[in-house]
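Trainee: Could you walk me through this model? I'd like to ask some questions as we go.

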Protein chains: 2
Amino acid sequence: MSSPNREMNRTAYAERLDVFQTSLWLEVDAMVDRHPDMIFFGNGGPAKSLMPADRLAEATATVWSEGLDMLTYGETEGYAPLRRLIVEQMAKVNAPAVAEEILVINGSQEGMDIIGRALIDPGDVVLVDAPTFPDAVRIYESHGATVLGMPMDDEGVIVDDVRAMLDRLPAKPKFIYTIPTFQNPTGVTMSLARRQALVDLARERDILIVEDDPYSAFRYEGETLPSLRALDPATVYLGTFSKTLSPGLRVGWISAPEPLYRQLFGLKEVMHIGNNRIATRLVYHAANGFIDGHVAWAREQYRARRDTLVAALEQYMPAGTKWLVPQGGFFLWVELPERYNTDDLLAAAADNGVIFLPGSWFYPGRTKHNAFRLSFSSLDPDLMAEGVRRIRLAIDQAG
Amino acid sequence: MSSPNREMNRTAYAERLDVFQTSLWLEVDAMVDRHPDMIFFGNGGPAKSLMPADRLAEATATVWSEGLDMLTYGETEGYAPLRRLIVEQMAKVNAPAVAEEILVINGSQEGMDIIGRALIDPGDVVLVDAPTFPDAVRIYESHGATVLGMPMDDEGVIVDDVRAMLDRLPAKPKFIYTIPTFQNPTGVTMSLARRQALVDLARERDILIVEDDPYSAFRYEGETLPSLRALDPATVYLGTFSKTLSPGLRVGWISAPEPLYRQLFGLKEVMHIGNNRIATRLVYHAANGFIDGHVAWAREQYRARRDTLVAALEQYMPAGTKWLVPQGGFFLWVELPERYNTDDLLAAAADNGVIFLPGSWFYPGRTKHNAFRLSFSSLDPDLMAEGVRRIRLAIDQAG
């Protein structure tokens, strides 16, 4: 395979690929070897020890006992009993839905991609939380969108600022993508007043909202708030089993009102026909009659991890550092005094044996530089204090 | 959920969605209920009875005995032992590859999508076999391509005609997508001379070739020919386990030379992180030490089905009908005299209790109207003669 033909330049990439030039994950992966016992605060998945492995294995056996229909082509929309179970799960986090409008997908990230592909024409504007999940920004940009960040505070997106943005924009945005509950990366939960205001604004201006809701099952304090979907049934909703069961299964869902549902279905059919049909049955059998109890148990473990991390921050972070104790979810967002640049700090931290994700990664345009994200969901809690101590060391080295 | 809000028109679809207006599969699905014992020649998957269900179930159990690494995020490129096994399988159909350039995907259809997305800018031309797999055309068009058909005869793509097309085009095509072996829908296998000529032409004009090769393991007569990849290592190659094991698993692969491999990897990572990790392990354990024997057995069954179908055609088709007996694969292409229109004939056939896929579906622009495709892979062979008799009935009714 070392023929000179291999050197030919037959491939001109599509312009849309420009947005993938930097893989954030490869940047971090390249740092992991810098220290013999690296402490990694970057993984936003559930801890392996908190996944229900035995239950998943049993469910797999059940799948095979049910016949072989799953081995053929078909079922773009997903396994029917799973679609009904998803509707029940959504009801528990105050998100009404109907099974006929649930599209099962390969993790909720695929949902961002399918929605972006269905809706974005080059030049369209998409609004996202600032900061937000960075892959969402890359996905929307790859479909030709200009992605603009909506300012946030501790109550979530600042709706008055969004209104002012809309007034300044030459055309209305194609949609608003937001993570209102235990947000990634900030851990912020949008207040009820802000939720209502955002929904009212979107209705007034006739703008679609896409609500990404991967974490809402993991609430450690306070009352469950209405989802944006509950406040406005036109909202598109993204959910996932990646946090409650396992991300390796790649099973999530979109709940989208007709006629959008039909368009997303058609797109998924052409993209790859449908999900792995064993996986969708496996998730159904694992979740059915089990998932609520499992989540209640895991929730207590995650709450304890959050508390351990907060205690470590209180012990080690320098004066002037701020963080919000999240009411749920997997993330804690730390803001250092303005003079710090956490992009630079990351390199020093990795040399000291700890990795966080720098705040700039979460802003469209990488504009803010004094914050970082810590995941507390998957890291061994016994390593948290030492990890935070190492971050402090890097901060002190930076002066 | 019947709120008036649901009626709001917040969604303007992307222009690229226009190409999905007609789902061919929904058209056919709508016809299945027309007859109480419909005979369906449309399914291009393997017969359920020819899938190795017991072996797949055993392999699933093996996956769970190996630990829980598969439950986390990761492995965009696919399970490492499976990537090595794929290279061995490709060698058996004369398609050289290296494991480091194998990207495991959700069925080879996803490969068409990822390649199209990586390479096509709006306005680019893509050349395909005419006729070809219709979803490929829709995928490339959805990425903005103008898809043009390359004329074929019983030796495959007519390379002199392709050269003339290239001379007439204002810019060179972004790539050539072709199914050289046991082609879908015609069953034609491109001759060695034509393969060499196409590869030479592509090299001379610096055009990338994408070789789609789902059927080559199922050769019933004749010698295995070199793949296009074997003749030109710059060729991108698509493969799948959908025909040899089961389509419900959604496991296929792209073999693409660097640096294109790296671009496709990045795209898949952002689209949905990676495949279901149980499925990729399951396929590995099922295939390892088993797949060649299974394919050899299934090949004999498919050969017998082909022969049954050919005998039925000889018995029932009217004078002036032509078909090519394919040397392998799952499809047989029937050409009626020019005066027939198989789009119209399909409706009459469905009323008589038989469904074929009309030839126009397989042409970009749906230009040719006197042919149809019969799949012989999944239909019960005991129904084939009756199915062909019913088609004849419809032909006679059409006059």
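Here is our chat about the chains, the domains, the sheets and a few residues.

Mentor: Before we start, this is a predicted model, in which local features need pLDDT of at least 70 and side-chain atom pairs count only at pLDDT 80 or more, while totals for chains, interfaces and linings use all residues. Residues are numbered from 1 along each chain as its sequence is written, and chains are lettered from A and ligands numbered from 1 in the order in which they are written.

Trainee: What rotation superposes chain B on chain A?

Mentor: The shift along the axis is 0.0 Å and the RMSD is 0.0 Å. The two copies are thus related as by a two-fold rotation axis. The rotation is 180°.

Trainee: Which element of chain B gives the most to the side that touches chain A?

Mentor: Contact here means that C-beta atoms, placed from the backbone, lie within 7 Å. Each chain puts in 67 residues, and the elements of chain B that give two or more include α2 (53-65) and α10 (277-287); helices (H or I, at least four residues) and strands (E, at least two) are DSSP runs, numbered from the N terminus. With eight residues, the top giver is α9(B).

Trainee: Why do we say the copies meet through the same surface?

Mentor: Take the interface residues of chain B and look for them in chain A's interface. The copies meet through the same surface because the share also found in chain A's interface is 100%.

Trainee: How many residues of domain 1 of chain A are in contact with domain 2 of chain A?

Mentor: The bounds come from an automatic or database domain assignment, which gives domain 1 (4-51 + 293-398) and domain 2 (66-291) in chain A. Their centres, taken over C-alpha atoms, are 24 Å apart. Domain 2 of chain A brings 36 residues to the contact, and domain 1 of chain A brings 30.

Trainee: Which helix gives the most to the domain 1 side in chain A?

Mentor: Both α11 (291-316) and β11 (331-335) of chain A supply at least two residues to that side. The most, seven residues, come from α11(A).

Trainee: Is R373(A) buried or exposed?

Mentor: R373(A) sits in strand β14 (residues 371-375) of chain A, and its contacts include P185(A) and W333(A). A residue is buried if 20 or more other C-beta atoms, placed from the backbone, lie within 10 Å of its own, exposed if 12 or fewer, and partly exposed in between. R373(A) has 24 such atoms, so the answer is buried.

Trainee: What is the bridge partner of F175(A) in β7(A)?

Mentor: There's an open sheet of eight strands in chain A, with mixed pairing. In it, four bridges join β6 (residues 175-178) to β7 (residues 208-212) of chain A, and these two run parallel. The partner of F175(A) is L208(A).

Technical notes: Copies are superposed by least squares on the C-alpha atoms of residues with pLDDT of at least 70 in both. Two residues are in contact if their C-beta atoms, placed from the backbone, lie within 7 Å. Two strands pair if DSSP finds at least two bridges between them. Lists of a residue's contacts leave out its neighbours within four places in sequence.
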